[in-house]
Amino acid sequence: MFERFTEDARDVVKSAYAYVEGSGGGGRCVEPEHLLLALLDREGSRGSFALGALGLGEGRESVREALREARRRGGLTQAETDALAGLGIDVAEIVARVEEAYGVGALSGDRTDKRWWSGRTSFGRGAKDVLERSLRVALAQRDRHIGDEHILLALTVRPEVPAEVLAGHGVTYASLTRVLYGSGGEAKAG
């Protein structure tokens, strides 16, 4: 699967695994959030250039904090939280009560019960989708290889926490394609 990935893209995947296996990200599967965290750590690649050009160089810790907060909410986006609030459901109150009863981070999915876990880190459905979309993004841009910039672009087209957090920091599919490909790179792969 990774034969078309550049060295930078492979490093992103390896770093995402490291987040899962270490204490950096938690969980048992590589998820889109782990891919974004790995992209934030990159330097000297097309993806890191694009993030810097869009002003995210200084805002990387803010992105990490937003991802931690979303994880505390059980992975709900702010849009989902707002929709629930419209129905009279206060997610912050639910999180507070669950954490009071079970400890901080109880909704984050970081279970210590390993009876059901095989011990192998794998790709979650969301991360698989991001990697598949990165191929479609590369093809739409007529690129021969999949780089870390394609993974970043793929993260922006999925309506989940990473895309919402990036958009909140001014990083969208449109802004990334302008930085990476100029005004002619407006093709959308989703």
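This is a predicted model: local features need pLDDT of at least 70, side-chain atom pairs count only at pLDDT 80 or more; totals for chains, interfaces and linings use all residues.
Biologist: How many helices and strands does the protein chain have?

Modeller: Helices (H or I, at least four residues) and strands (E, at least two) are DSSP runs, numbered from the N terminus. Along the sequence they follow the pattern α-β-α-α-α-α-α-β-α-α-α-α. That gives 10 helices and two strands.

Biologist: What share of the 190 residues is buried?

Modeller: Buried means under 20% relative accessible area, exposed over 50%, and partly exposed in between (1.4 Å probe, protein chains only). Of the 190 residues in the protein chain, the buried ones make up 43%.

Biologist: And how much accessible surface does the protein chain have?

Modeller: Accessible areas come from the Shrake-Rupley method with a 1.4 Å probe, and for residues only the protein chains shown count as cover. Carbon and sulfur atoms hold 52% of the surface, and the total is about 10100 Å².

Biologist: Among contacts with a separation of 6 or more, what percentage joins residues 24 or more positions apart?

Modeller: Contact means heavy atoms within 4.5 Å. Taking the contacts in the protein chain with a separation of 6 or more, residues 24 or more positions apart account for 65%.

Biologist: Now to charges: how many salt bridges are there?

Modeller: A salt bridge is a side-chain nitrogen of Lys or Arg within 4 Å of a carboxyl oxygen of Asp or Glu. Searching the whole structure for such pairs gives 11.

Biologist: Which residue forms a salt bridge with D8?

Modeller: The closest N and O atoms of this pair are 2.4 Å apart. D8 sits in helix 1 (residues 7-21), and its partner, 34 residues away, is in the loop between helix 2 (32-41) and helix 3 (46-53).

Biologist: Why are E65 and R68 separated by about one helical turn?

Modeller: These two form a salt bridge, with the closest N and O atoms 3.0 Å apart. E65 counts as partly exposed at 35% relative accessibility, and R68 does too at 41%. They are about one helical turn apart because they lie three residues from each other in helix 4 (residues 60-72).

Biologist: Which residues are joined into one network with D129?

Modeller: D129 meets R158 in a salt bridge of 2.6 Å, N to O. D129 lies in helix 7 (residues 125-140) and R158 in the loop between helix 8 (148-157) and helix 9 (161-168), so the pair ties together parts 29 residues apart in sequence. Both D129 and R158 are buried. Through salt bridges that share partners, D129 is joined with R133, R158 and E160.

Biologist: S134 is in helix 7 too; is S134 buried or exposed?

Modeller: Leaving aside neighbours within four places in sequence, S134 is in contact with F5, I146, H150, I151 and A154. Its side chain also has a polar atom 2.5 Å from the backbone oxygen of L131. With a relative accessible area of 0%, S134 is buried.

Biologist: Which backbone oxygen does the side chain of T156 reach?

Modeller: T156 lies in helix 8 and counts as buried at 15% relative accessibility. Leaving aside neighbours within four places in sequence, its contacts include A163, L166 and Y173. At 2.6 Å, the T156 side chain reaches the backbone oxygen of L153.

Biologist: Which helices do the buried residues of helix 10 pack against?

Modeller: In helix 10 (residues 173-181), the buried residues are Y173, S175, L176, T177 and L180. Just after this helix, G182 takes a positive phi of about 80 degrees. The buried residues of helix 10 pack against helix 3, helix 7 and helix 8.

Technical notes. Residues are numbered from 1 along each chain as its sequence is written. Side-chain values use heavy atoms; hydrogens and water are left out. A polar contact is a pair of N or O atoms within 3.5 Å; within protein, one must be able to donate a hydrogen and the other to accept it, and residues adjacent in sequence count only if both atoms are side-chain atoms.
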